[in-house]
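Let's take a friendly walk through this structure, one region at a time. Please have the sequence and the 3D view ready.

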Amino acid sequence: MLNLVIFGAPGSGKGTQADQLAVRYNLRHLSTGEIFRKEIAQGTPLGLEAMSHIDIGELVPDELTVKLVAEQIRLFKKGGGVILDGFPRNIVQAESLAKLLASENLKLHAALFLEVPEEELIKRLLLRGQNSGRSDDNEEVIKKRLLTYNKQTAPLIEYYKKHELFIGIDGVGDINKIFGAICHEIDELPR
Ligand code: AMP
């Protein structure tokens with residue numbers, strides 16, 4: 001079993017890489033952002049609550065997000081493993097995840113960090129906004145999402161370094177090359 005976290009700024013390519021990693025390593029791809037977008041599309045109470053935060057570039061409250069992830073992990077804890085994309089997004093969530101995995105007798109093998117400079121992120125997100133239909137891929141919300149990332153998510157770099165789970169990957173360049181670099185790191189992991 002292999003359990004991974006992939007994190008990075010908005011636009012760093014987490015979703016794209018997580019999709020491919022899930023196929024290569026037979027993992028469940030758990031994207032909290034995708035789950036929220038589905039809930040929003042269905043107009044559920046969770047979706048409405050999530051939308052009020054997503055559309056202003058803030059994080060959805062930890063209580064809701066952690067509960068959702070806990071349910072998902074319990075559902076597929078017997079599979080080949082999981083890649084968590086977009087979770088955790090702050091230290092509180094990282095600590096909740098550690099407790100949750102421990103309580104299910106599961107272990108986190110690595111936290112993969114995609115490193116991309118801010119100018120490149122903005123360029124990618126604006127480009128994506130032309131086709132994605134995502135309400136948060138516009139200039140104003142992108143700025144806020146990057147601020148939120150720097151304040152709340154970037155501290156996870158030190159957190160995972162401290163826990164000896166951190167693997168940094170250069171997230172600029174050809175998508176397949178980046179994928180290759182990540183696979184190389186994963187294949188070296190003790191399991
Ligand atoms: P993403 O698809 O990962 O870019 O997420 C889109 C938006 O969903 C984020 O900007 C947040 O508002 C919200 N979101 C996704 N994951 C989380 C999380 N783990 N905690 C709080 N909010 C989240």
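## Two backbone spots

Asn26 sits in the loop between H1 and S2; helices (H or I, at least four residues) and strands (E, at least two) are DSSP runs, numbered from the N terminus. Although Asn26 is not a glycine, its phi is positive, at about 55 degrees. This is a predicted model, in which local features need pLDDT of at least 70, side-chain atom pairs count only at pLDDT 80 or more, and totals for chains, interfaces and linings use all residues. Residues are numbered from 1 along each chain as its sequence is written, and side-chain values use heavy atoms, with hydrogens and water left out.

The peptide bond joining Phe87 and Pro88 is cis, with omega about 0 degrees.

## The ligand and its neighbours

Which residues come nearest to the ligand? They are Thr32, Arg37, Glu58, Gly86 and Gln93, out of 16 residues around the ligand (a residue is near if one of its heavy atoms lies within 4 Å). H2 gives the most to this shell, with four residues. By class, the shell has five nonpolar, five polar and six charged residues (Ala, Val, Leu, Ile, Met, Phe, Trp, Tyr, Cys and Pro count as nonpolar, Asp, Glu, Lys and Arg as charged, and the others, Gly among them, as polar).

Some atoms can be followed one pair at a time. An oxygen atom of the ligand lies 3.0 Å from a polar side-chain atom of Arg37, and a polar backbone atom of Glu58 is 2.6 Å from a ligand oxygen atom. In the side chain of Gln93, an N or O atom is 2.9 Å from a nitrogen atom of the ligand. Taken alone, the ligand exposes 480 Å², and the protein buries 95% of that (accessible areas come from the Shrake-Rupley method with a 1.4 Å probe).

## The space around it

The ligand takes up the largest pocket (more than half of its atoms lie within 2 Å of the grid points). A pocket here is an open set of points on a 1 Å grid over the protein atoms alone, where a 1.4 Å probe fits, with protein on both sides within 12 Å along at least five of seven lines; lining residues have an atom within 4 Å of a point.

The lining has 43 residues, with Lys14, Arg89, Arg128, Arg134 and Arg145 nearest the centre of the pocket. Among the elements giving two or more residues to this lining are helix H1 (14-25), helix H6 (118-132) and helix H7 (139-153).

Technical notes:
Polar contact = N/O pair within 3.5 Å; in protein donor to acceptor, adjacent residues only side chain to side chain.
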